[in-house]
Amino acid sequence: MTFSLVARCAETGMFGVVISSSSPAVAARCSYARAGVGAVASQNITDPTLGPLALELMASGESAAQAIEALRRDGSFMDYRQVLAVDASGGTAIHSGAKALGIWTEVQGLDAASGGNLLANEGVPQAMVDAYAVATGHIGDRLIAALRAGLAAGGEAGPVHSAGLKIVDKVSWPVADLRCDWTEDCPIEAVATAWEVYKPQLDAYVQRALDPREAPSYGVPGDQ
C-alpha cells in the first residue's frame, strides 16, 4: 500500500525520502533521515521503530547493508516489513519480507533505492530510481520527479491519499518536511506544490534558526 524512494545527493551530501500511500499520514509514520548519516523508509505493515534504529546503526559506522541485515536478524515480525536504506557513501539496501502485501518489488540504483507493496505493477520502483537518476537540480526536485514517475508508472493498486517529502542537510533537523496527510485529490501534486513554495525559502528558514540577526525579512504583512 506504499511506494517510496530513499536517496543521497552525491554533490551536496543531502539525504531525502519521498513516499506515498493509500493510508493516511504515511510520511509521519514511515520516513526517516539524519544529516550526515542516511535515509530510511520503513513501510508495509509498519514498525516505526525500524527507521530510527537503522539510522542509529548507520551513525555508529555500519553501512546500509549491515544495518538492514541487523534489522533482518534482530527485528520483530520482519516477514511483514519492508525497509529501504541509503548510507553516507551512497550504498543502499532493502529488506522486503515474504509477507509484504500484494505485488511488491524493490530496486537499488546509484545513491537511491525504491520499494513498494500492493503496487499496480512491478515496474513502479524501477521507474522511480530511473527518474531520480536522470533528474537534475536540487535533491528536492529530483525526489519529486521520482515520486511523480512512480505514480505515472501505475503507483499503488488503488488511489493514493497521502504523501511526503523529507530532506536533511547539515543541521540536526530536516530542512524540508512537507506532507499531505489525507486528500481525495492527488497528494503527490499537493506535496509538489508545497515544495515549489517552500524551496525558495529553505535557506532562509535555516539561517533564521542559526542566526536571526542575519536572516532575510519574513515577507509577511507588517514585516519591516
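Okay, let's start with S96. Leaving out residues up to four places away in sequence, S96 touches R81, Q82, W104 and E106. Keep in mind that what we're looking at is a predicted model.

So where does S96 sit? You'll find S96 in strand β6, which covers residues 92-96. And is S96 buried or exposed? Its relative accessibility is 14%, and buried means under 20%, so S96 counts as buried. Two of those neighbours come up again when we look at polar contacts. The S96 side chain pairs with the side chain of E106 at 2.5 Å, and with the side chain of Q82 at 2.9 Å.

In soluble globular proteins, nonpolar side chains tend to end up buried together. Here, the largest nonpolar core has 33 residues, and F3, L5, Y132, L143, L165, I167 and W195 are the ones with the most contacts inside it. Several elements supply at least two residues each to this core, among them β1 (2-8), α4 (124-134) and β9 (162-168). Which helix gives the most? That's α5, with five residues.

Take L5 as an example. Setting aside neighbours within four places in sequence, L5 is in contact with residues including V17, A112, M128, Y132 and L143. There's also a second, separate core of 17 residues, which includes V37, L55, L57 and L71.

Last stop: E189, in helix α6. With 33% relative accessibility, E189 counts as partly exposed. E189 and R148 are 41 residues apart in sequence, but their C-alpha atoms are 8.1 Å apart in space.

Key. Residues numbered from 1 in each chain as written. Predicted model: local features only at pLDDT ≥ 70, side-chain atom pairs only at ≥ 80, totals over all residues. Heavy atoms only, no water. Core = buried A, V, L, I, M, F, W, Y, C linked by side-chain atoms within 4.5 Å. Buried < 20%, exposed > 50% of the residue type's maximum accessible area, 1.4 Å probe, protein only. Helix = DSSP H or I, 4+ residues; strand = E, 2+ residues; numbered from the N terminus. Contact = heavy atoms within 4.5 Å. Polar contact = N/O pair within 3.5 Å; in protein donor to acceptor, adjacent residues only side chain to side chain.
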